[in-house]
Structure formats: C-alpha cells, structure tokens
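This briefing concerns the protein chain shown below. Please keep the sequence and the model at hand while reading.

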Amino acid sequence: MKNKAYAVLAALACLLFASSAFADKPVEWQTSLQTAATGIMEEITWFERYTLWFIIPITLFVLLLLIVVVVKFREGANPVPSRTSHNTAIEVLWTVGPVIVLLFLAIPSFQLLTAQLTPPQNPDLTVKATGNQWYWSYEYEVGENPLSFDSLLMKEEDRASLGKEDKAQYPRLLAVDNEVVVPVGKTVRMLVTAADVIHAFAMPAFGVKIDAVPGRLNETWFKADREGLYYGQCSELCGKDHAYMPIAIRVVAQDKYDAWLAAAATNIGEANKALMASIDGTAKTVDVAANAAQ
C-alpha cells in the first residue's frame, strides 16, 4: 500500500513538473483567448473579461432603445411627428455617461500598457528576433559568441527526421524546425526587427505582439510561468507566404536550457533532438509512475 501511495505522489510530482505538462496553440473554432502562460497575459485576460461588463449592458441598452423607437415612434402610432429638437437632460446624459465609462476603461488599460511596455531593468536573457520573407532568425546574446539560427516552417516530409511525428504536439503549419528555447520563470527580453518588410512577432499565450520594422529595433519582454511548447505567428501581412512563418517557443527547466545552450553552440539540430529526448524521458517517467500506482 505504501509503495502505491509513493507511486501516486511520484506521478503527481512528475505531472506537475514535466516540461510538456503545459502548452498552448490555436484550436479549431476557438472563441476565447489562449490560456495565459505569463503574468501579462493573465492581466490581458482579466481586462478582456472586465470590458465585457460594459460592452454587454451597453449593447443591450442600445438594442432596447432601438426597439422602443421602432415600436413607439412608428408612423402608425405617431401620425403627427414631434418637432422636438433639443433636450438638455438627454444631451447631458449621453455626454457624461460615455465619459464615465471611458474613465473606467482607461485607468486599467493604461496600467496594463505600462506593464507591457516597461521591461524589467535586468533581464535574464536577451533574444533578438528578425523577420524575413518568410521565416524568423534568432540570436541569443550570451557570452562572447552569440548563438544564432533560423526557424522555418517544418515540412511534412521532415517530420521523421526531426523527430516531430506527433501532430498533436507539432501541428501542421505551426511546427518549426528550430524552436526558441528559454528557461521557465526567467525574464526574457525580445529585440524585434525585420530584414525586408514589416512583420509582427506575436505569441498569444504570452501576451506578446510587436511589429518588426526594417531599420528599427523594437523591444518587448515576457516571463513564462509554465513549461511547454507555445505557438504564435507573424501577425502583419508581409507577402505571399505570410501564413507560413510561425513562431514556436519551448519553455524548459533551467538545467535543460543550460544543456541545450551548450550543445546548440556546435549543432543546433542535435541540441534540439537531445532536448526533446530529455523531455520525452520525463514524460515516460510519468507513465511508469502512473502504471505503478495502479
């Protein structure tokens, strides 16, 4: 009995801390925001729900007024139309009311924008993302020899060679050959630019979206709270293959990140395979623990 109890605890611990325990991507018929993986995205999600408390009542109120106008002031009910052209009370209400509503929206909106656009003073990692037609290039500012690589849309025929045959984890048109790898719980500063036309770096689960403009270096940041693989896309119409330059960010534990970074300096492909193998090993540990619990 004790062994089973320990096995259950081990399985729960592995599930909680497994690198692939959490990830997010677009889903079919999605109507809501992706699940937040950063504090900023949690604030965005809260603000979106907060605005609904104003949008829905105002929409229903306007609809009610339209119905009243159609029914009460139709020609059959009012053969002689009113010539009223001025009503001080109504004019004060429709001026003061929207101003008050805008104040309730503006204050939290400005606070959110300030949090988004004010990066921490001392980021743990700086990554430069350059948009190209039609792929992304990344450069890690680490040590004297920065790590740089390109990230292209994964072709279906390359799934086996890249070890990405699981279409649930590596979906078509979103999976890439080389993901951006960052440590969990660390502040990452993103420097974003473009080499040709305007692109946009967007990662919905992180609450990140910023333009990549040729000749300009824009800055944003994120701090992922959960490990996993997250997907985004270029969000600025940039040419015929605009739909085929996805963004993939893999968030891992610090030790896995350190091992990947050391290996990526010589061979990015082998480093990615080793990282995936270590993550799959964690998942297998979860399966073994779960089976032992049974």
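Which residues does Ala175 touch, not counting residues up to four places away in sequence? They are Leu152, Leu153, Met154, Tyr170, Tyr231 and Pro246, where contact means heavy atoms within 4.5 Å.

The model is predicted: local features need pLDDT of at least 70, side-chain atom pairs count only at pLDDT 80 or more, and totals for chains, interfaces and linings use all residues. Residues are numbered from 1 along each chain as its sequence is written, and side-chain values use heavy atoms, with hydrogens and water left out.

**Overall chain**

- The protein chain has six helices and 10 strands; these are DSSP runs numbered from the N terminus, helices being H or I of at least four residues and strands E of at least two.
- Of the 294 residues in the protein chain, 36% are buried, that is, under 20% relative accessible area, with exposed meaning over 50% and partly exposed in between (1.4 Å probe, protein chains only).
- Among contacts between residues at least 6 apart in sequence, 68% join residues at least 24 apart.

**The loop between α4 and β4**

- Ala175 lies in the loop between α4 and β4 and, at 1% relative accessibility, counts as buried.
- The C-alpha atoms of Ala175 and Glu156 are separated by 9.7 Å, and the two residues are 19 residues apart along the chain.
- Asn178 also lies in the loop between α4 (159-162) and β4 (180-183); its relative accessibility is 11%, so Asn178 counts as buried.
- The side chain of Asn178 reaches the backbone oxygen of Asp150 at 3.0 Å.
- Leaving aside residues up to four places away in sequence, Asn178 touches Phe149, Asp150, Ser151, Lys164, Ile268 and Asn272.

**Packing of α2 and α3**

- Two packed helices are described by the angle between their axes and the distance between the axes.
- The axes of helix α2 (residues 39-72) and helix α3 (residues 88-117) come within 11 Å and cross at roughly 165 degrees; axes are lines fitted to C-alpha atoms over the stretch in contact, and angles run from 0 to 180 degrees between N-to-C directions.
- The two helices, α2 and α3, are therefore roughly antiparallel to each other, a term for angles over 145 degrees.
- On the α2 side, the contact is made by Ile40, Glu43, Ile44, Trp46, Phe47, Tyr50, Thr51, Phe54 and Ile58.
- On the α3 side, the contributors are Val101, Phe104, Leu105, Pro108, Ser109, Leu112, Ala115 and Gln116.

Notes: Parallel < 35°, antiparallel > 145°, perpendicular 65-115°, else oblique. Polar contact = N/O pair within 3.5 Å; in protein donor to acceptor, adjacent residues only side chain to side chain.
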